[in-house]
Amino acid sequence: MPPDAAHSAPRNILGRALRSLQDTNVNNSRRFCSFTFSLLLALALAACSTPPSTQKPICSSTQATPWSLLGEIRWPHDTLFTGTPVGGLSSLDYDPASGLYYLVSDDRSTRAPARFYTARIRYDETGLHEVNLQGMTPLLSPAQRPYASSRTPEAGIATPDAEAMRVLPGGKTLLWSSEGDFARGFGPQLTEASTDGRRLRNWPLPPGLEISQPVSAKQGPRNNFTLEGMSLSEDGKTLWLSMEAPLKQDGPLPAPGKAGGPVRITAYDTATQQPVRQLAYVPDALPDKLWVRRGAINGISEILADGPDHLLVLERSFSAPLNFGARLYRVSTRADTGTDTLNLPQLTPDNHQPLSKQLVLDLADVGLRSVDNIEGMSWGPPLPDGRRVLLLVSDNNFNPAEVTQFIALRQERGHCGAGL
């Protein structure tokens, strides 16, 4: 079993700088005092006119997060399980029926066949205690055999780059996404498989994800920026599928101080396996502190249903050499919250309304030793007192300088605001 050790750290507390008052002359002081008295009188009268019972608490961005760190477990890059290197973990999904978590690896059959793992994760109100792998299962190709290595690929079969996986209703099948094998002319894929890894069928992709030959510089998906996030609705009737970055025709990638183009999030009817609706989401501009050199990115790395009408959206940023960031936002998926972009070939500012988003949490503020390449996200069983637990996992890129990082966040009591 991989080593497991729980780590928790105190929450970072940001100090607030006090502004000093400048000296003023006597006349300015008198005018200031008169204005202050009038202002306080007006505020007092306004407060008296509203009964205390009808006043609502004000939630602001300076308020403490309603989530706290329950624990953290880290595995080194050389962790092995059944002879395979454990790394590249790009998804995390809990199956209540079996009590197992499913984790897909984005290894392109280079170190071992493309595969997923199952695990049990143990935590309670005192912390995150262990993550124990239970099994490793190869993903099978359309030829119903393990995928060949990307170094020696099989003719006519794309070598997968698995990024998302969810257990479908009923617990007997899985849906997983591949970002594609662009170098060999294969675009992204959405594949349904049995829990023993056998390929069952491909689901149709939303419009615009086909790649042309030769590849267009102005149309279509960007290499390694396609099907990154996936989530099922609570009732299992809708599957949400998110891109990591905008299609080329929809706009540029984020830049320092400039948000990029809108990223498409598509809703599927799980009964028909057909895309039925699509929403547009705009990730943040690149943080200035991450703009160290070329290659910095910020995009959607995962999504997760939060109640019947909301999604959590995980934005993951990166800049060389190893500067990662992760921020969690919440968006409404109600029909009146954003334009349906499914049949729009190109998104422009005047033809759609993107989703509004609410910042829930910056992972830099929860007390972690560091934030790695967070790519997977799942709800776990609630704590005995009913509080929810949010679990996350990082993709270590099989890099000795990175770690596989499991994070458990605990919902705090009496937090302000709806939803989370």
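## Close-up views of a predicted model

**View 1. Surroundings of Arg222.** Arg222 touches Phe182, Pro246, Leu247, Lys248, Gly251, Pro252 and Leu253, leaving aside residues up to four places away in sequence; contact means heavy atoms within 4.5 Å. The model is predicted: local features need pLDDT of at least 70 and side-chain atom pairs count only at pLDDT 80 or more, while totals for chains, interfaces and linings use all residues. Residues are numbered from 1 along each chain as its sequence is written, and side-chain values use heavy atoms, with hydrogens and water left out. Arg222 lies in the loop between E11 and E12; helices (H or I, at least four residues) and strands (E, at least two) are DSSP runs, numbered from the N terminus. Arg222 is buried yet has no salt bridge, and Asp250, the nearest side chain of opposite charge, is 7.7 Å away. Buried means under 20% relative accessible area, exposed over 50%, and partly exposed in between, with a 1.4 Å probe and protein chains only. A salt bridge is a side-chain nitrogen of Lys or Arg within 4 Å of a carboxyl oxygen of Asp or Glu. For charge, Lys and Arg count as positive and Asp and Glu as negative; His and the chain ends are not counted.

View 2. Gln213 and Pro214 are joined by a cis peptide bond, with omega at about 0°. Pro214 lies in the loop between strand E11 (199-202) and strand E12 (227-232), and Arg222 of View 1 is in the loop between E11 and E12.

**View 3. The open sheet E4-E5-E6-E7.** Four strands form an open sheet in the order E4-E5-E6-E7, with antiparallel pairing; two strands pair if DSSP finds at least two bridges between them. Strand E4 (93-95) and strand E7 (127-138) are the edges, each with a single partner strand, so one side of each has no neighbour in the sheet. On average, neighbouring strands of this sheet are turned by 30° against each other, direction ignored. Axes here are lines fitted to C-alpha atoms, for helices over the stretch in contact, and angles run from 0 to 180 degrees between N-to-C directions. Strand E6 (residues 115-124) and E7 run antiparallel and are joined by ten bridges. One of the paired positions is Tyr117, whose bridge partner in E7 is Met136.

View 4. Ser109 is found in the loop between strand E5 (100-104) and E6. Its phi is near 55°, a positive value in a residue other than glycine, and Ser109 is buried at a relative accessible area of 6%. Asn397 lies in the loop between strand E21 (389-394) and strand E22 (404-411). Phi of Asn397 is also positive, near 55°, but Asn397 is partly exposed at 38% relative accessibility.

**View 5. The hairpin of E14 and E15.** Strand E14 (residues 263-269) and E15 run antiparallel, with seven bridges between them. Val263 stands opposite Tyr281 in E15. The two strands E14 and E15 form a hairpin with four residues between them, and Gln273 in the turn has a positive phi of about 60°. Six of the eight residues of E15 are buried, and the strand is mostly covered.

**View 6. Salt bridge between Arg201 and Glu192.** A search of the whole structure finds 25 salt bridges. In one of them, the side chains of Arg201 and Glu192 meet at 2.8 Å, N to O. Arg201 is partly exposed at 38% relative accessibility, whereas Glu192 is buried at 7%.

View 7. Asp284 and Lys357 meet through their side chains in a salt bridge of 2.7 Å, N to O. This pair links distant parts of the chain, 73 residues apart: Asp284 is in the loop between strand E15 (274-281) and strand E16 (297-305), and Lys357 in the loop between strand E18 (323-332) and strand E19 (358-362). Asp284 counts as buried at 17% relative accessibility, and Lys357 as partly exposed at 28%. A second salt bridge, between the side chains of Asp306 and Arg388, spans 2.8 Å, N to O. Asp306 lies in the loop between E16 and strand E17 (310-319) and Arg388 in the loop between strand E20 (374-380) and E21, so this pair ties together parts 82 residues apart in sequence. Asp306 is buried at 3% relative accessible area, and Arg388 is partly exposed at 23%. Salt bridges that share partners join Asp284, Glu315, Arg327, Lys357 and Asp362 into one network.
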